[in-house]
Amino acid sequence: MSLLETTGLTRSYGPLTAVDGIDLHVMAGTRHAVIGPNGAGKSTLFGLVAGAVPRSAGRIVFDGTDVGAEPEHRRARRGIVRTFQHSRLLLGHTVCENVLVAVHRCAGVGGRALPLPRRRRAELAELAMSCLSRVGLAARHAEPAGRLSHGERRQLEIAVALAGRPRLLLLDEPAAGMSAAETRRLADLVRSLPSEVTVLLVEHNLDLVFELADTVSVLHLGRLVRTGSPDEVRADEAVRAAYLGNADEGELWEAAHA
């Protein structure tokens with residue numbers, strides 16, 4: 001069953017078409033990766049799905065409902081939650097406080113002027129700690145987020161996203177800038193997410209993609225080149241040509257196939 005479907009999804013900026021008629025199907029419970037050389041349109045596609053980028057044409061259907069005209073916050077309430085390439089953490093606040101902001105927002109109490117009852121505060125704090133436990137940061141809950149390493153900040157961003165109770169979790173280049181050990185922890189974390197959380201992943205680390213993904217979609221110059229299993233995508237000559245035609249990305253492709 002498809003949780004997310006896009007049909008003819010297009011985003012143009014004047015004469016430039018960044019995403020060109022994408023038909024994408026993301027099955028519920030899967031780990032679906034979107035890859036492609038720089039400038040392929042991956043981040044624009046993510047923005048379109050999340051609602052941060054308005055479409056020029058096409059449909060976006062989430063769990064049977066056309067959400068293409070809905071703003072980002074309404075899609076988030078439906079369960080489309082994303083992380084970002086660049087951190088948006090509150091580095092001066094504690095690790096737990098970062099997650100609590102998302103927990104409160106999801107619970108609809110983020111803007112309340114009156115203090116919450118003690119029991120409700122305890123319930124929300126427990127939810128925040130469960131998200132931190134999921135990503136392995138419960139022991140760091142009282143520390144300022146600014147003290148975390150780069151990899152730990154990525155883990156915290158995922159905890160914040162999980163606090164939004166996602167049904168579709170959009171991970172935008174989560175391994176960017178990570179060491180090999182941090183990337184391994186990230187892989188273990190994504191693998192451990194419950195099956196009711198469907199993951200759509202944009203990532204340049206092809207080794208990570210081919211390890212984690214059930215399905216891989218390849219974009220090139222805004223168009224969908226191929227969707228298939230990791231093995232099918234590895235063997236596709238059109239995909240190989242797209243990567244090798246880009247000097248910066250060709251080395252990544254060859255390294256992933258060494």
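This report walks through a few helices, loops, strands and charged pairs in the predicted model above.

Some ground rules come before the tour. Residues are numbered from 1 along each chain as its sequence is written, and side-chain values use heavy atoms, with hydrogens and water left out. Because the model is predicted, local features need pLDDT of at least 70 and side-chain atom pairs count only at pLDDT 80 or more, while totals for chains, interfaces and linings use all residues.

**Helix α3**

Let's start with α3, which covers residues 95–107. Helices here are DSSP runs of H or I with at least four residues, strands are runs of E with at least two, and both are numbered from the N terminus. With 13 residues at 1.5 Å each, α3 should span 18 Å, and its end C-alpha atoms are 19 Å apart, which agrees. The expected span is 1.5 Å times one less than the number of residues.

Which residues of α3 are buried? They are Val95, Cys96, Asn98, Val99, Ala102 and Val103. Buried means under 20% relative accessible area, exposed means over 50%, and partly exposed is in between (1.4 Å probe, protein chains only). In α3, the buried residues are Val95, Cys96, Asn98, Val99, Ala102 and Val103. They cover an arc of only 160° around the axis, which puts them on the same side of α3. That arc is taken from the directions from the helix axis to the C-beta atoms. An α-helix has 3.6 residues a turn, so residues three or four places apart point the same way. The buried residues of α3 pack against α4 (118–135) and α5 (150–163), where contact means heavy atoms within 4.5 Å.

**Glu182 in α6**

Glu182 is found in helix α6 (residues 180–192). Glu182 is buried yet has no salt bridge, and the nearest side chain of opposite charge, Arg185, is 4.5 Å away. For charge, Lys and Arg count as positive and Asp and Glu as negative, while His and the chain ends are not counted. A salt bridge needs a side-chain nitrogen of Lys or Arg within 4 Å of a carboxyl oxygen of Asp or Glu.

What does the side chain of Glu182 have beside it instead? One of its polar atoms lies 3.1 Å from the backbone nitrogen of Gly151. Leaving out residues up to four places away in sequence, Glu182 touches Ser149, His150, Gly151 and Gly177.

Glu173 has a positive phi of about 50° although it is not a glycine. This residue sits in the loop between β7 (168–172) and α6, and it is buried, with a relative accessible area of 13%. Asp63 also has a positive phi, near 50°, and is a residue other than glycine. Its place is the loop between β4 (57–62) and β5 (65–66), where Asp63 is partly exposed at a relative accessible area of 32%.

**Salt bridges**

By the rule above, the count comes to 14 salt bridges.

| Asp63 | Arg167 | 3.0 Å |

Asp20 is partly exposed at 28% relative accessible area, whereas Arg223 counts as exposed at 52%.

Asp63 turns up again, this time bridged to Arg167. That pair also links distant parts of the chain: Asp63 is in the loop between β4 and β5, Arg167 is in the loop between α5 and β7, and they are 104 residues apart. Arg167 counts as partly exposed at 33% relative accessibility.

Elsewhere, salt bridges that share partners join Arg184, Asp188, Arg191 and Glu211 into one network.

**Leu219 in β9**

Last stop: Leu219 lies in strand β9 (residues 215–220) and is buried, with a relative accessible area of 2%. Leu219 and Gly36 are 183 residues apart in sequence, but 4.9 Å apart in space, C-alpha to C-alpha. Not counting residues up to four places away in sequence, Leu219 touches residues including Ile22, Val34, Gly36, Lys42 and Val225.

Definitions and conventions:
Polar contact = N/O pair within 3.5 Å; in protein donor to acceptor, adjacent residues only side chain to side chain.
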